[in-house]
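Biologist: I'm new to this one. Can you put it on screen and walk me through it?

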Amino acid sequence: MTAIEVDRISRVYETRTGVLRRQKQRQEALGGVSLHVDRGETYGLLGPNGAGKTTLMKILITLLIPTSGTARILGHDVVKDVQFVRRTVGYVFGGDRGLYERLSAFDNLRYFAELYAVPPRQQRQRIDRLLEEVRLAEFRNERVQGFSRGMRQRLHIARGLLHDPAVIFLDEPSLGIDPVGARELRESIAALSAAGKTIFLTTHYMYEADELCDRISIIRKGTLVAEGTPSELKAKVTHGGLIEITTYGVPMAVIERMRAVRGVHSVVVQDREQAQVILVRADAHTDVPHAIMDHLAGVTVGSIVTRDPTLEDAYVELMAAT
Ligand SMILES: Nc1ncnc2c1ncn2[C@@H]1O[C@H](COP(=O)(O)OP(=O)(O)OP(=O)(O)O)[C@@H](O)[C@H]1O
């Protein structure tokens, strides 16, 4: 069954600028986006700043009305059936505001449980279960003021789940969280997915999207430019593999000669401290590695690795191509 259906949604913001001569400005944040997310799927929306991710999410959680198009959550229209949708979705936006510093993790959740009208008899059990799910059970009675950003974000996720929503929206959940905290957060998100929740998330971290998402779409200037599983996206844009060569002092003439090799699509050089890392994208099943090695005769080479494209490689390429 489909959990989220988005059908040609567009959204235009109208703002006014100027003091004396007020001028209307139109900003099209979404220009006809369609997608669907199955029940139990974890779906990622990726795209640069200002692409329209938050706008779409706000429409889906009934905080914004679309200019045109329709969207449904578990078959219910987000404009016509606001009550159902609000009961069914939970959302967590990035950042750590909105918690009560001087209250414990448990008391914060109890406060929000009251606010969300969770029946009193269910509150304690549900809060304890959620603290367990987001791995904060051992900090249950500690004040939030001593929590790291990662812990706060996990507490936010627990808050967003208090009314037991079937569909969860996470807007940049790991924003500003250190690598260890981000890993713990990913584990919590994966646990929610394993528990059968449908998750729709935005992120700027490709690794996070790759690890968590069943499917991903990439949005740019309000339009979807690609959609698929992480492996489909990687395969779609990058034909063949990547050769990563670490060199010391490679002349530009050598790079130019590499670019001319048959089967090579692109050669990018990145400076990393003393070294230059050359990234060669080439057709698979060609003799490119040998040809490249020939050109590198006389150049000091640290390492050569052939690696599969990452989601980040695919993303960067898609952004460059559209
Ligand atoms: N309230 C608003 N009024 C006017 N324009 C807005 C408003 N909110 C967003 N926009 C514009 O709509 C476009 C999409 O914004 P949105 O916040 O949805 O992007 P985003 O993909 O979530 O970006 P980010 O990754 O930075 O969060 C941007 O050009 C933005 O400037």
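**Surface patch and sheet**

Modeller: Tyr100, Leu103, Tyr111, Leu115 and Tyr116 make a nonpolar surface patch of about 450 Å². This is a predicted model: local features need pLDDT of at least 70, side-chain atom pairs count only at pLDDT 80 or more, and totals for chains, interfaces and linings use all residues. Residues are numbered from 1 along each chain as its sequence is written, and side-chain values use heavy atoms, without hydrogens and water.

Biologist: What counts as a patch?

Modeller: Patch residues have over 30% relative accessible area and no salt bridge, with nonpolar side chains joined within 5 Å and like charges within 9 Å. A salt bridge puts a Lys or Arg side-chain nitrogen within 4 Å of an Asp or Glu carboxyl oxygen. Areas are Shrake-Rupley values with a 1.4 Å probe.

Biologist: Is Leu115 buried or exposed?

Modeller: Exposed, at 53% relative accessible area. Exposed means over 50%, buried under 20%, partly exposed in between. Leu115 is found in helix 3 (residues 105–115).

Biologist: New topic. What is the strand order in the open sheet?

Modeller: The six strands run 6-7-8-3-9-10, with mixed pairing. The edge strands are strand 6 (89–93) and strand 10 (223–228). Pairing takes at least two DSSP bridges. Helices (H or I, at least four residues) and strands (E, at least two) are DSSP runs numbered from the N terminus.

Biologist: In which sense do strands 7 and 8 pair?

Modeller: Parallel, over five bridges, between residues 167–171 and 198–202. Asp171 stands opposite Thr202 in strand 8.

Biologist: Which strands does helix 11 touch?

Modeller: Helix 11 (residues 311–321) packs on the sheet, touching strands 3, 9 and 10. Contact means heavy atoms within 4.5 Å.

Terms used
Axes fitted to C-alpha atoms, helices over the stretch in contact; angles between N-to-C directions. Buried < 20%, exposed > 50% of the residue type's maximum accessible area, 1.4 Å probe, protein only.
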